[in-house]
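The following paragraphs lead the reader through selected features of a structure. Please keep the sequence and the coordinates at hand while reading.

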Amino acid sequence: MNCSNNTVIALAGNPNVGKSSIFNALTGMNQHTGNWSGKTVDVAYGEIKTKEKTITVIDLPGSYSMLYDSPEEKITDDFVLSDDYDCIIIVVDATSLERNLLLTIQILQKTNKAVLCLNMIDEAQRRGYFIDTDELSLMLGIPVIETSARNKYGIKKLIETSVKVAENKIMTYCVNDFKMLNENSISDEELTEQIAVLANKITKSVVGVKGEVYTKRDRILDNLFTSKFTGIPIMILVFALIFWLTVYGANLPSDLLFEFFNLCKNYLNELILRIGINDMVRSLMIDGIYTTISWVISVMLPPASIFFPLFALLEDFGYLPRIAFNLDRLFSIFGTNGKQSLTMLMGFGCNACGVMGCRIIASPKDRNIAILTNSLIPCNGRLPTLICLISIFFSSNYYGYKKSFISTLILLLLIIFSVIITLILSLILSKFFSKEKASPFIIELPPFRRPQFIKTILLTFKNKILYILWRAIIVSAIAGVIIWSLSYFNINNISLLEYFTTILDKYAIIIGIDGTILAAFILGFPANEIVIPIILMSYLSGAMLTDYNSMSELSSILISNGWTFKTALCTCIMCLMHFPCSTTCFAIKKETKSTVWTLLSIVIPFITGSVICFIINLIYDLI
Amino acid sequence: MSNTLNELKKGQSGRIVFIDKICKQKNRIQDMGFTKNTEVTVVQESISGKLKAYLTKNTIVGLRDSDAKFINIEILG
C-alpha cells in the first residue's frame, strides 16, 4: 500500500466506455478522447489536489479481459494484480452493462478495493434504460456511482467515494458468487462462461429496458457507411473532403504567414544592422534559424490546424471502426487484418502515434507488420511537403477552386499508391516472417455520437497544434544552425554541404532526384518538416543569396536548380517512402523491442522508394 | 441439426448454444459478449460478405465468418 498522504486511484474498464473522459473530468487534464476501441493504448497519469492530499489518477488502457491476449490489456491485468493502488474505479458503459460486467467481475475476483462508475448514464436514460444502482451495488459488493463525463455529472461524488474506499471508510466486500469462482479450479473457458452467467443474472435483476441501444438512426448510418454500394465510395468521399479542406483552406493562411514573416525579416535585418552585430551571426540568425522556422510555421501550421480538428471530429463521431470493418477483407487478402487500417489512419497524424497504436492488433505478426509499414503513410510533417510540391509542379496550370481539386486528387492518388505499396509489403512480410495463420479480427462498432464540436476543436488546438508548433520551432532552430554551418564553413571554397551533396549525387541521380534532396531527407531524420527548407537553403547557399517570398519564387528556385516533373514525382515518392523520423524509430524500437525490426523499418521503405523511383527514372528516360 | 453463427443472414437472430473448443479465439470471442445462451442478431453484412456485425448484449461487434463458424447457435428467426 502507498504512504498515507498520496492516494493512488486507477481507472480500468472496457475500451471506449469513456475512461479518458472520466480521467479528464477528474484531473482537469485534456487528453483527447475518441469514439473507438483502442484510442488509449498507454497509461496516462494525472493528479487531483484536495486540501488534505494529492491523489494520483492512473488511466489504464481499455481491456476486454483479464485473460489478456494483447499487450495493452496485459498492462491492466498486471496492474490489478499488483499492489500499486488504493482504489480502482471500474468504468462501465451504462448502455451495455452486461458485456461490461464480464471484466468487472474478473477484476472483483482479484480485488474489492473498487468503485463502479456507471458512465454515460444520461445516454442510457435517453435510450430508455433504468438501472437500480443500489441493487447493483449490493450484488457487486462495491459502491456504484452514476456519471456522465461529458456533462461532468457525478464526478465529485466519484472522487469522494473512491477516496473513502481507498481510506477504508467505506467497506467493500467480495460477494459470495465471486468467491465461489475463485475457489473452484476451472479452466479459463469455463470461468468465462460462469462469469457470463453471473453477469446476465445481475443485469436482469438491475436493468429495466424500454428502448433499444441500436437505434434507427445508428442503423441508417451503418447502412450508409458499411453497405456494399455506399461503404467504400463514402469512405473515399470523406477523405477527399478532409484533404480538400486541408489543401484549399491552408492556402490563404499559408500565403499570409509567408508575407508576415518576410515583412518581419526586413525589420529584423535592419534592426541587426543598426545594432551592429557581425555579419556571420546575422547570417546564422536570419538565414539559418529564422528562415527555417518561418518556413515550417507557414507551411506546416495551416494544414495541421485544419486536418487535426477534422480528423478528431471523425474520431468522436465513431466512424473509424467502420473503416476497419469495411477494409478487413482487403487487408486479410494481404495477410494482415483490418485493424491495420486504424493504425494507418493514426499515421496521418503522426507515425510514432501510429506505431504505438499498433498495440490494438492482437497477433504479434500482424502487429509487427503494421509497425514496420506505418511510415509509408505520410504524417503531418510530410503531408504539407507533398501539398507544396503538388501545387508547384502538378497543378500549377490551374487556379482557384480548380487547382485545389486537382491538387487534392493528386494527393489522394499518391496516398492510395502508398496504401497499395503498404498492402504489397504486408503480403510479402507476412509470407516471409511467419507461417502463423492470419489473426482473428474482432472489432466493436460503437454507437454514433454527436461530436462536441467546439470542445474538440479547442482541445486539438491546445494539445496537438501548439505541440507541433513548439516542436517545429525547436527542431528547425537546431536544423537551421546545422544547415547554416554546413553551408557557411568551407574547404577550398567548397562548402561542407556541397561536399556532402556531391557524394550523394551519384546515388541520387539513379533514382531521379539529386544529392541535395537526398541530403535533405537524411538531415531531416529528426523531423520531416524541415526537408524542403534544407533543400532551399542548400540551393540558395551556392548561388547568390536571393530571398523567396512566395510559392512562385519557390518554384523558380527549384526549377533553376534542375527540377523537372520527374524530380518532383520522385521526391514525392521518396517523401512517402524513405525512412521513419527519429521519433518514430524510437517508438518502433520501444514497441518491437527488437533492433532488427527497427533496422528493417528503416531499410525496407528506403529500398522500396528507391526501386520505385529507379523505375520511374528509367521509364522517363526512355520516353 | 446444428447451425453456426456465420449462416445467419442480415436481420436474423440466434441463441448461442456452444462455442467449438477448437476455436483458438474462444476466450476473446466470449469476452466480447458471445457467451452461451446469449441472443445474437446480425445487423450488418460487410462489403465483401466475409464479415458481419452482430448485436449482442447491447453492443455491436464485427466478427469474421471464419471465426463465427465456430459458434453454434439455434436460429430464432
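A:Glu167 is partly exposed, its relative accessible area being 32%. The model in which this residue is placed is a predicted one. The partner of A:Glu167 is A:Lys169, with which a salt bridge is formed at a closest N to O separation of 3.0 Å. A:Lys169 itself is exposed, because its relative accessibility is 61% and the exposed class begins over 50%.

A second salt bridge is found in chain B, where B:Asp65 pairs with B:Lys52 and the closest N and O atoms are 3.3 Å apart. B:Asp65 belongs to helix α2 (residues 65-68) of chain B and B:Lys52 to strand β4 (residues 51-56) of that chain, so the pair ties together parts that are 13 residues apart in sequence. Both B:Asp65 and B:Lys52 are buried.

Over all chains, the structure holds 18 salt bridges. One of them joins A:Asp93 to A:Arg449, with 4.0 Å between the closest N and O atoms. Because A:Asp93 lies in strand β4 (residues 87-93) of chain A, while A:Arg449 lies in the loop between β9 (442-444) and α18 (453-488) of chain A, this pair ties together parts that are 356 residues apart in sequence. A:Asp93 and A:Arg449 are both buried. The two residues also take part in a network of salt bridges, which links A:Asp93, A:Glu123, A:Arg127, A:Asp218 and A:Arg449.

A:Arg126, A:Arg150, A:Lys152, A:Arg217, A:Arg450 and A:Lys455 form a positive surface patch. One of its members, A:Arg217, is placed in helix α9 (residues 216-226) of chain A.

Which helices each supply at least two residues of the nonpolar patch? They are α10 (231-275), α11 (279-317) and α19 (496-510) of chain A. The largest share, three residues, is that of α11(A). A:Ile275, which is found in helix α10 of chain A, counts as exposed because its relative accessibility is 57%.

Helix α11 of chain A also contains A:Thr291. This threonine counts as buried, at 9% relative accessibility. A polar atom of the A:Thr291 side chain lies 2.5 Å from the backbone oxygen of A:Ile286.

The buried residues are A:Gly515, A:Thr516, A:Ile517, A:Leu518, A:Ala519, A:Ala520 and A:Phe521. At the start of α20(A), a side-chain oxygen of A:Asp514 comes to within 3.0 Å of the backbone nitrogen of A:Thr516.

Most residues other than glycine have a negative phi. A:Asn492, by contrast, has a positive phi, near 50°. This residue lies in the loop between β10 (490-491) and β11 (494-495) of chain A, and it is exposed, its relative accessible area being 67%. In chain B, B:Asn37 likewise has a positive phi, about 70°, although it is not a glycine. B:Asn37 is found in the loop between α1 (26-31) and β3 (39-45) of chain B. Its relative accessible area is 54%, so B:Asn37 is exposed.

Technical notes: Residues are numbered from 1 along each chain as its sequence is written. Chains are lettered from A and ligands numbered from 1 in the order in which they are written. This is a predicted model: local features need pLDDT of at least 70, side-chain atom pairs count only at pLDDT 80 or more; totals for chains, interfaces and linings use all residues. Side-chain values use heavy atoms; hydrogens and water are left out. Patches are made of residues with over 30% relative accessible area and no salt bridge: like charges are joined within 9 Å, nonpolar side chains (Val, Leu, Ile, Met, Phe, Trp, Tyr) within 5 Å. Accessible areas come from the Shrake-Rupley method with a 1.4 Å probe; for residues, only the protein chains shown count as cover. A salt bridge is a side-chain nitrogen of Lys or Arg within 4 Å of a carboxyl oxygen of Asp or Glu. Lys and Arg count as positive and Asp and Glu as negative; His and the chain ends are not counted. The place of a charge is taken as NZ of Lys, CZ of Arg, CG of Asp or CD of Glu. Helices (H or I, at least four residues) and strands (E, at least two) are DSSP runs, numbered from the N terminus. Buried means under 20% relative accessible area, exposed over 50%, partly exposed in between (1.4 Å probe, protein chains only). A polar contact is a pair of N or O atoms within 3.5 Å; within protein, one must be able to donate a hydrogen and the other to accept it, and residues adjacent in sequence count only if both atoms are side-chain atoms.
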